[in-house]
Amino acid sequence: MDQMTIIFAVGGLLALTLILASVAHRYHAFVEERRQHVQRILKRVAEIDGLIRRMVGLPVPVELERVLRRDIIARLHAVKGVHARYKGINEMIAQAQHALEQVVASPASGPMSEQNVERFSRLIGEIEWLLKEDRLLVAIDDQEKGQLLEMIVVRRTETLYSYHLREGKRLLEGRQLHQAQWHCEQVKSLLKNMDMQSDQLNAWRQEADQLCQQVAQHLS
């Protein structure tokens, strides 16, 4: 083998080494990017699952739990689309589907504490934001979105009305009049912001007015 042949052979091996190194680099970059993409999706799955876990014991409409569980399934399918052989993905999808099928409406809870009312308000507000800002991955048409947002408004009003009215009556009986007046104002503001008419809403307004009048009479 003459000197030129050796030089060409070495050059060829060097070029091949560089090509293989470039291919390996691109492959490792692809694998890392895919890993990060999957982890971002699974992080959102964990966040949505956290919202569902926080619903326990709170009067959140069951339809909201269903749409969140549908969102989890959609995100897990997205993981499979990015990484079809991701370990355990089929089992995760099956478990999420089973959990969706097991969702049922919870029985009506008793009177809520101030702490639970605050928990409910924060949670329902977060879900409302997800819907309004289209932050869910699951497909929701405008009609379903409107229905879900209306459910949120109604359930928030029901829950806060019951809490503030009950506390107002309790404080009035205990002659804690200024505290009772504060709850009355909360009820009036809550109902004032409801731009819909119904027999139930009218009954609430009448009941709230009666309580507020009683508190005002005692204060005067």
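Here, exposed means a relative accessible area over 50%, and the model you are looking at is a predicted one.

View 1. You'll find R175 in the loop between α5 and α6 (177-192).

**View 2. D134, in the loop between α4 and α5.** Look between α4 (114-132) and α5 (142-173) to spot D134. The phi here is about 55°, so once again you have a positive value, although D134 is not a glycine. D134 is exposed too, with a relative accessible area of 54%.

**View 3. R53 and D49 pair up within helix α1.** These two side chains meet in a salt bridge, 2.7 Å from N to O. R53 and D49 sit four residues apart in α1 (residues 3-54), about one turn of the helix. R53 is exposed at 61%, while D49 is partly exposed at 22%.

**View 4. E144 and R70 join in a salt bridge.** Here the N to O distance is 2.7 Å. The pair links distant parts of the chain, with E144 in helix α5 and R70 in helix α2 (residues 62-82), 74 residues apart. Both partners are partly exposed: E144 at 21% and R70 at 27%.

**View 5. R170 and E167 form a salt bridge.** Their closest N and O atoms are 2.7 Å apart. The two are three residues apart in helix α5, which means about one helical turn separates them. R170 is partly exposed at 44%, but E167 is buried at 13%.

Note on methods
Residues are numbered from 1 along each chain as its sequence is written. This is a predicted model: local features need pLDDT of at least 70, side-chain atom pairs count only at pLDDT 80 or more; totals for chains, interfaces and linings use all residues. Side-chain values use heavy atoms; hydrogens and water are left out. Buried means under 20% relative accessible area, exposed over 50%, partly exposed in between (1.4 Å probe, protein chains only). A salt bridge is a side-chain nitrogen of Lys or Arg within 4 Å of a carboxyl oxygen of Asp or Glu.
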